[in-house]
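Morning, everyone. Please have a look at the structure on the screen, and then I'll walk you through it.

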Amino acid sequence: MTRAGPGLVTSENARRGIFRGAFFLFRGVMLAWGLGAIHSAWASPDIMQWQTQAGSRVYFVEARELPMVDVRLLFDAGAVREPDDKYGLAQLVNGLLNQGAGELDATGVSYEFERLGARYGADSGYDFASVSLRSRSAPAVLEPALRNLRRVLAAPTFPAQAVARQKQRMQVGLERKRQSPAAIAREAYRSALYRAHPYARPSDGTEASIATLSRADVVNFHREYYHANNVRLVIVGDLERNQAAALAEDLSAALPRGQPPGPLPAVAPLPRSEEIRIEHPSSQVHILVGQLGIKRGAADYFPLYVGNHILGGGGFVARLFQEIRERRGLSYGAYSYFAPRRELGPFTASLQTRGGQQEQARQVLRAMLQTFIEQGPTEAELVAAKQNITGGFPLRLDSNSKILGLVAMIAFYDLPPDYLDTFTDEVSAVSVAQIRDAFQRHLHPERFVTVMVGPVSATD
């Protein structure tokens, strides 16, 4: 599970579509002129931290501009914690929390949030699973909304009919995924990168694994991982420090106690390059090229972040886009990103191209990666990238929801508490030599994985 902003080497928007990412890039460039004059006066949010009596870590940002409160709980309960034969269990559990809790059925739980105008959310990825609430800060609204959230967190009933219904939805999702060449490419790429590591498993399960999941599996997974000693609690909004502390104590005390899970196994480096071609009746060939990247909190994060912005993460002005789309017309867009995780996350460069010209596109993509790794960017590219990143940085903190996402990342991955304060200084300090050195130490084309899905047998 990934999020936009400075937590990734490129934004999630860029992964989902180069055009959307480029729009925000353009907006950041245009606003940088105005922001530059006030940048020295801009301050990042003050993140307060403490621990509840039950042992939950709390991160709080006071934001009084709007009468709203955002709460997010991040449990170390992602797909990496599933038993080896229970793929999809973490997603199943997370999706069932609000399908019956305490004395209420799913309709009753939903009604309690809706009548208050509160918004409940849940999400599950590889490293963690999250539960969130957005509510007005007025006590007459916030208190019953939190009471319902406590019920969902601490007393889900996991009705058998809801388990069966959710499993059926997951199976339908897998059927849709089989029709998507992009999804097929991502799955083959992930499997080749991670092999026997838990990151290799499909977080949404397989047809066979989902069929075996039982209500007992759901109950046991919830009991093992959804407890006060395995959660980071993030609060952003219209509260004073003492009010946030009372809120956190209330939620934390409602959860059972438990033992935090152990560390994840290390990801083994790739021994050699690999090329995977999967025939699919699509008009476009989806191409992914890359290898293992970095962990969250890596010392080389900022040189890699800035370097990748120049290479493939900067929208219309990035090298890959300019060469592969603008000059050669081989694709509507090409991009690259690092996606750090608790253990090594992937580095990926990707494009889609018309069937019949995939070999040319693949060769150009790999050649451009090789050149950038060997030579790094020019000074002019670096100056432009720094201006864009630092000028647009305040836009990544211009709403409570954006602040919530960034603080959640800081909380779960134990990043320095001054991460947001020092972000622009870290970016500004990056040099061409540092980018070249970091890329050469972390990326090795002789061990790249290449995945091609589509009419790959067609040639010009």
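Which domains does the domain assignment of the chain give? Domain 1 covers 45–254, and domain 2 covers 274–454. Keep in mind that this is a predicted model.

Let's look at how the domains sit together. Taken over C-alpha atoms, the centres of domain 1 and domain 2 are 29 Å apart. On the domain 1 side, 34 residues are in contact with 37 residues of domain 2.

How do we put a size on that? In general, the size of an interface is often given as the accessible area lost when the parts come together. Here domain 1 and domain 2 bury about 3,100 Å² between them. Of that area, 71% is on carbon and sulfur atoms.

Elsewhere on my list is the pair Arg232 and Asp414, whose side chains meet in a salt bridge at 2.8 Å, N to O.

Now the inside. As a general point, in soluble globular proteins nonpolar side chains tend to be buried together. The largest nonpolar core in this model has 63 residues. Which of them touch the most other members? They are Val234, Val306, Ile324, Leu365, Tyr419 and Phe439. Helix H15, residues 400–412, gives the most to this core, with 9 residues. The core also draws on both domains: at least three residues come from each of domain 1 and domain 2.

Take Val234 as an example. Leave aside its neighbours within four places in sequence. Val234 is then in contact with Tyr59, Asp70, Val71, Arg72 and Leu74, among others. Its contacts also include Leu404, Val407, Ala408 and Ala411. There is a second, separate core too, with 54 residues. Ala54, Leu97, Val219 and Ile235 are included in that one.

Next, a strand. Val449, Val451 and Val453 point one way from S13. Thr450, Met452 and Gly454 point the other way, and all are buried.

Which strands pair with S13? Strand S9, residues 274–279, is joined to S13 by 6 bridges, and the two run parallel. In that pairing, find Glu279: its bridge partner in S13 is Gly454. Strand S10, residues 284–292, is joined to S13 by 5 bridges, and those two run antiparallel. There, Gly290 has Val449 as its bridge partner in S13.

Now a loop residue. Where is Ala228? Ala228 lies in the loop between helix H9 (215–225) and strand S8 (231–237). Is Ala228 buried or exposed? Ala228 is buried, because its relative accessible area is 0%, and the cut-off for buried is under 20%. What does Ala228 touch? Again leaving aside neighbours within four places in sequence, Ala228 is in contact with Ala54, Gly55, Ser56, Ser252, Leu255, Pro256 and Arg257. For a sense of distance, take Thr157, which is 71 residues from Ala228 along the chain. The C-alpha atoms of Ala228 and Thr157 are separated by 19 Å.

Last topic: salt bridges. In general, side chains of opposite charge can pair when their charged atoms come close. How many salt bridges does the model have? The count comes to 28.

Let me show you three of them. Asp76 forms a salt bridge with Arg81, with the closest N and O atoms 3.0 Å apart. Asp76 is buried at 8% relative accessible area, and Arg81 is buried at 11%.

Glu275 and Arg277 also meet in a salt bridge, at 2.7 Å, N to O. Glu275 is partly exposed at 40%, and Arg277 is partly exposed at 36%.

Then there is Arg325 with Glu326, at 3.1 Å, N to O. Arg325 is partly exposed at 28%, and Glu326 is partly exposed at 45%. Salt bridges can also share partners, and in this model that joins Lys177, Glu187, Arg190 and Asp204 into one network.

Notes:
Residues numbered from 1 in each chain as written. Predicted model: local features only at pLDDT ≥ 70, side-chain atom pairs only at ≥ 80, totals over all residues. Heavy atoms only, no water. Salt bridge = Lys/Arg side-chain N within 4 Å of Asp/Glu carboxyl O. Buried < 20%, exposed > 50% of the residue type's maximum accessible area, 1.4 Å probe, protein only. Core = buried A, V, L, I, M, F, W, Y, C linked by side-chain atoms within 4.5 Å. Helix = DSSP H or I, 4+ residues; strand = E, 2+ residues; numbered from the N terminus. Domains from an automatic or database assignment. Contact = heavy atoms within 4.5 Å. Pairing = 2+ DSSP bridges. Buried area = accessible area lost by both parts, 1.4 Å probe.
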